[in-house]
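Open the model in your viewer and keep the sequence panel at hand. The tour goes stop by stop, with something to select at each.

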Amino acid sequence: MTTLSFWGIPAVYFFIVIAIILPRIPVVGKFFNIINTGLHELGHALMALLMQGKVHKIELLSDTSGTTVTQTPTNFGNILVSLSGYIFAAAMGCFCCYLNHVGYQKGLIILLSVIFLFMLVLWVRNVYGLIWIILFCGLNAWLLYDGEALYVNMAALFYSVVIIMEAVSSSFILLALSIKDSGKAGDATNLTKFTHVPAFLWSLLFVAFSLWMAYLSARLLDLLPLAIGN
């Protein structure tokens, strides 16, 4: 992995700070946080298809929330669909960090663009979602066609950090919601309806998984040793 740096400090530290500040910046901050939202909703959609169900639509909203309307023939399928959003988004964040680690930054940007174009063609129909995907993929097309390798590498690292950090923060937000009002805890609430296991416990599962993915991502980004004792 080629380490990007500014003034002798690895760029990943700057991107971590930016990812923390981003949600508080109107418009621009939310624009990039929706990458994680899209991956979350795609996780639901792909699992529904794997369970021989149907995906009716996906919406990506300006407040960084999203919805996926699916139809699954079994209760077990409903459970897996509800589980898949947070897990898929966190796993994708870790996978993006792996692509950075092995030097496939351009491939990472192509992959994200293809994913969202795939969603656009099949499921995304709300106006904001359409506009966001066009702008995001347009930005990536410019980076790949006309951008210098440095900017491509910076964008790939930035996307990876934003995705994994948003995966962690969204799982903690869900945990807080499940404690405050378990009836409004999104996927955790749905899982409670299907399994009768408290939403709080499902939220803890999502938090634990996202932290695990964040730990692996930190190792891949050279924030932690790749092996104990190194």
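**Stop 1: α3 and α6**

Select α3 and α6: they cross in a left-handed way. The model is a predicted one. Helix α3 covers residues 75–101, and helix α6 covers residues 149–180. An angle over 145° counts as roughly antiparallel, so α3 is roughly antiparallel to α6.

Now show side chains. On the α3 side, pick Y86, A89, A90, G93, C94, C96, C97 and N100. They meet N153, A156, L157, S160, I163, I164, A167, S170, S171 and L174 in α6. Colour this contact by class: 12 residues are nonpolar, six are polar and none is charged.

**Stop 2: α2 and α3**

Which way do they cross, left-handed or right-handed? The crossing of α2 past α3 is right-handed. Their packing angle is about 135°, with 7 Å between the axes.

Select the α2 side of the contact: N36, L39, H40, L42, G43, H44, L46, M47 and A48. Then select its α3 side: L80, V81, S82, S84, G85, Y86, F88, A89 and M92. By class, this contact of α2 with α3 holds 11 nonpolar and seven polar residues, with no charged ones.

**Stop 3: the cores**

Hide the surface and look inside. The largest nonpolar core has 53 residues. Which residues have the most contacts inside it? They are I35, W132 and Y159. Elements giving two or more residues to this core include α1 (11–21), α2 (28–50), β3 (54–60) and α3. Also among them are α4 (105–122), α5 (127–146), α6 and α8 (199–220). The largest share comes from α6, with 11 residues.

Zoom in on I35. Setting aside residues up to four places away in sequence, I35 touches F116, W132, F136, Y159 and I163.

Next, select A185, L191, W202 and F206. These belong to a second, separate core of 11 residues.

**Stop 4: M51**

Go to the loop between α2 and β3, where M51 sits. Is M51 buried, exposed or partly exposed? Its relative accessible area is 22%, so M51 is partly exposed. Select T72, P73, F76, G77 and L80: M51 is in contact with them, leaving aside neighbours within four places in sequence.

From C-alpha to C-alpha, M51 and K184 are 25 Å apart in space, and 133 residues separate them in sequence.

**Stop 5: two positive phi values**

Finish with two backbone details. Select T64, in the loop between β3 and β4 (66–71). T64 is not a glycine, yet its phi is positive, about 75°.

Then move to H196, in the loop between α7 (187–195) and α8. H196 also is a residue other than glycine with a positive phi, near 70°. Show the surface again here. Relative accessibility of H196 is 69%, so H196 counts as exposed.

Definitions and conventions:
Residues numbered from 1 in each chain as written. Predicted model: local features only at pLDDT ≥ 70, side-chain atom pairs only at ≥ 80, totals over all residues. Heavy atoms only, no water. Axes fitted to C-alpha atoms, helices over the stretch in contact; angles between N-to-C directions. Helix = DSSP H or I, 4+ residues; strand = E, 2+ residues; numbered from the N terminus. Parallel < 35°, antiparallel > 145°, perpendicular 65-115°, else oblique. Left-handed = near helix turned anticlockwise from the far one by under 90°. Contact = heavy atoms within 4.5 Å. Nonpolar A, V, L, I, M, F, W, Y, C, P; charged D, E, K, R; others polar. Core = buried A, V, L, I, M, F, W, Y, C linked by side-chain atoms within 4.5 Å. Buried < 20%, exposed > 50% of the residue type's maximum accessible area, 1.4 Å probe, protein only.
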